[in-house]
Amino acid sequence: MKRLVVLASGNGSNFEAIVKTIRKNSWPIECVAMITDNPEAKAIKRAQRLKVPYFILDYKSFESKKAYNEALLRKLEELNPDLIALAGYMRILPPFIVGRFRWKIVNIHPALLPAFPGLNAIERAYKAGCKVMGITIHYVDEGVDSGPIIEQACVKVREGESLESVERRIHRLEHRTYPYVIKKLLE
Ligand code: GRF
């Protein structure tokens with residue numbers, strides 16, 4: 001069994017899609033933990049429902065960013081993952097974590113990188129009038145959404161389509177794509 005750890009800060013829909021797809025297909029992968037920095041994350045409820053062990057490292061309870069990241073590193077080392085998948089994790093991993101797990105950390109971003117890195121990517125791409133939008137799965141390096149690209153998939157924006165509708169389709173595309181990329185990387 002390959003060991004997968006997911007990091008999530010919010011909704012956790014990708015986390016859930018990953019776990020369900022692994023289980024449905026009986027892939028030899030176990031999601032050994034979901035780690036979150038946010039005690040309010042909806043991902044926690046999902047972990048409880050899915051019976052995936054979870055760890056809350058409440059960012060605000062640490063005296064510094066460094067102390068938080070050191071605790072995160074210790075937890076990751078303890079979990080001994082083959083792959084760490086960021087899924088809506090809203091913090092930048094420091095070089096000492098990226099370096100420790102190089103080529104073992106991947107992220108999903110809701111835009112066709114290198115266009116629209118950073119926050120609110122879907123809205124920014126939509127407002128820029130993009131006719132084709134999409135998602136990117138990439139290795140995590142020391143930058144923001146800047147690591148080598150592993151996979152991309154796109155949606156063609158329909159005539160007069162609302163932001164909400166494109167957003168829904170992009171998230172569905174994420175849920176359909178990310179689990180398969182994770183599986184491929186772990187093979
Ligand atoms: C996704 O759109 C992902 O691309 C981005 O954050 C969002 C997380 O959504 N990095 P969820 O928490 O998995 O529902």
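This is a predicted model: local features need pLDDT of at least 70, side-chain atom pairs count only at pLDDT 80 or more; totals for chains, interfaces and linings use all residues.
View 1. A polar backbone atom of Asn14 is 2.8 Å from an oxygen atom of the ligand, and a polar side-chain atom of His171 is 3.5 Å from an oxygen atom of the ligand. A polar contact is a pair of N or O atoms within 3.5 Å. Of the 370 Å² of accessible area that the ligand has on its own, the protein covers 85% (Shrake-Rupley method, 1.4 Å probe).

**View 2. The shell around the ligand.** The surrounding residues are Asn11, Gly12, Ser13, Asn14, Gly88, Ile108, His109, Pro110, His171 and Glu174 (a heavy atom within 4 Å of the ligand). By class, two are nonpolar, seven polar and one charged, with Gly counted as polar. The elements giving two or more residues to this shell are α1 (13–24), β5 (105–109) and α6 (163–186) (DSSP runs, helices of at least four residues and strands of at least two).

**View 3. Ile29 in strand β2.** Ile29 belongs to strand β2, residues 29–36. Ile29 is buried because its relative accessible area is 7% (buried means under 20%, with a 1.4 Å probe and protein chains only). Lys184 is 155 residues from Ile29 along the chain, and their C-alpha atoms are 11 Å apart.

**Notes.** Residues are numbered from 1 along each chain as its sequence is written, and side-chain values use heavy atoms, without hydrogens or water. Local features need pLDDT of at least 70 and side-chain atom pairs pLDDT 80 or more, whereas totals for chains, interfaces and linings use all residues.

Terms used:
A polar contact is a pair of N or O atoms within 3.5 Å; within protein, one must be able to donate a hydrogen and the other to accept it, and residues adjacent in sequence count only if both atoms are side-chain atoms. Buried means under 20% relative accessible area, exposed over 50%, partly exposed in between (1.4 Å probe, protein chains only).
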